[in-house]
Amino acid sequence: MNPTSLKSGMQCTLADGSLVEVRGVQSDKVHVLVKYLDSLDNPKIPVGSEHQVPFEEIIAEYMGAHAEGRT
Amino acid sequence: MLTKEQNDRFTHVGPGTPMGNLMRRYWQPFATVKQLEDHPTRAVTLLGEHLVTYKDRSGVYGLMQEFCPHRNVNMLWGIPEAEGLRCPYHGWQFDQAGNCIDQPAESPDSTFKDRIKVTAYPVEELGGMLWAWMGPEPRPMVPRWEAFVKEGVRDIGWAILPCNWLQIMENSLDPTHLEWLHLYFSNYAMERLGKTSNDGTFWRETVEHRKHEKIGFDIFEHGIIKRRVYEGDDENHPNWRLGHVICFPEMLRQDQIRVPVDDTHTLYIWYNVHQKREGDADQRPEDIPVYQVPLPGVDAEGVPIWDLMDNNSGQDNYAWMSQGPITPRWTEHLGESDKGIILYRRLLREQMKLVEEGKDPMNTFRDPAKNVSIHVPHESDDQEWQRGRRGPNQADGSISTGQSTKYSPIAQERAKAAGKATPKAWREPVGWGQIHPREPEA
């Protein structure tokens, strides 16, 4: 995913399947601050908690029961 | 990537595990009618449980724990009776519900047998296959997917793959592997085999590499529809408009079924329905031939055996097995092209939650009116597209290349009748290409 396409408030899926809301792109251009809406039962990441995640962990904008993209 | 704990949750299928609980809400195919016609008992491992299946002398199928509770003799050598299976050691007899109904060496007035019960599971037959229900009652109906009930001539291929079921299913949510494994790599396999053109045998011809321009996935009432647009096509093409279906939780369309044997083995079933031709006799379930699909691997020197890599199944099987018994997803790096895999994992997790809440998961059928012949949309619904496609046999009778159905006895019989080539014998591998197998618990 192109990091420049990330906007605050956007919901995205991470590479582990978690669902997050983008809170802000960090100035280091490497990390994104996200709020976990669903952490796929990872006990170390409570739902609602905020974490810095690397850009490459963000796979796509969340589209519910649909997903698509160009390859 | 997943954590190890998340990976375990998705892959472990034994009793009491979250995925095991989900899988026990589905009828699982584990053998065929023909197999029990040939041998009335058969060892079965299903969802991590070691069992014995049998057909008693009244024609009723059973599935019970492997060992007799008396002195732990293996019931594979059990004697089918008019009702149930009798242990060969001291004659204890068990019915299909697992009740002990005879203990010939105990005194006639003993009530000991009434306190003995073994693990046993209901069995039903559909489409020539035997299906087990290992979940709680009340059990739903065996789903009557269209392939299992429509007219045709059937045969059933199978193999036990030494890897976890999930890496096989995730392949079905991964459209772009087709472009590489089944086109680019396939052409390389043909090069290794010295088959650079279609030379009139059953070998797959070299094919042009086509790039995916777009992929898409939609969750629908029976699973996920996978869509793709190749370069040069558009969204009106059946590949996108109709798509390719994954029937939840473990079927690609209805012709490839991936049954979890245990955490590190999967029963792969290729369910073929050949078009019925004039003069073909009606097929009874016990007539449906069964064949074993050979698995690719390496020879005694660790060199790949290319003979089995000329078809999609051989190529897929190699890829899944080489990922290890349970691939360590905490080392993977998924990208945008893997969003179908992520959607499937989310669906699995959602359905596991439903089961934890005591609800029925997707594809639970309790209404007979909705379980007559379940059709799912598919590219082949487009008749024009279908005309250009191959079944197991091409119009001239030759075996279609590039598919595991080249091992199908019915396809081979039809090819021979048409004077066409059939596959030669292949070299058996001594290993599965897991040169440095990754231990599941590493």
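At what angle do the axes of helix 6 and helix 8 of chain B cross? The first view takes that up, and every view here comes from a predicted model.

**View 1. Helix 6 meets helix 8 in chain B.** Helix 6 covers residues 176–192 and helix 8 covers residues 312–322; their axes come within 10 Å and cross at roughly 105°. Angles of 65 to 115 degrees count as roughly perpendicular, so that's what we call this pair of helices. On the helix 6 side, look for B:Leu181, B:His182, B:Phe185 and B:Ser186. Helix 8 brings B:Asn312, B:Gln315 and B:Ala319 to the contact. Sorted by class, that's three nonpolar residues, four polar ones and no charged ones.

**View 2. An open sheet of five strands in chain A.** Read across the sheet and the strands come in the order 4-3-2-1-5, with antiparallel pairing. At the edges sit strand 4 (50–54) and strand 5 (58–61), each pairing on one side only. On average, neighbouring strands are turned by 45° against each other, direction ignored.

**View 3. Zooming in on strands 2 and 3 of chain A.** Strand 2 (residues 19–25) runs antiparallel to strand 3 (residues 31–38), and six bridges link the pair. To pick out one bridge, find A:Val20: its partner in strand 3 is A:Tyr36.

View 4. Chain B has a mean pLDDT of 90, with 90% of its residues at 70 or more. For the complex, the predictor gives an ipTM of 0.89 and a pTM of 0.93.

Methods:
Residues numbered from 1 in each chain as written. Chains lettered and ligands numbered in written order. Predicted model: local features only at pLDDT ≥ 70, side-chain atom pairs only at ≥ 80, totals over all residues. Pairing = 2+ DSSP bridges. Helix = DSSP H or I, 4+ residues; strand = E, 2+ residues; numbered from the N terminus. Axes fitted to C-alpha atoms, helices over the stretch in contact; angles between N-to-C directions. pLDDT = per-residue confidence, 0-100. Parallel < 35°, antiparallel > 145°, perpendicular 65-115°, else oblique. Contact = placed C-beta atoms within 7 Å. Nonpolar A, V, L, I, M, F, W, Y, C, P; charged D, E, K, R; others polar.
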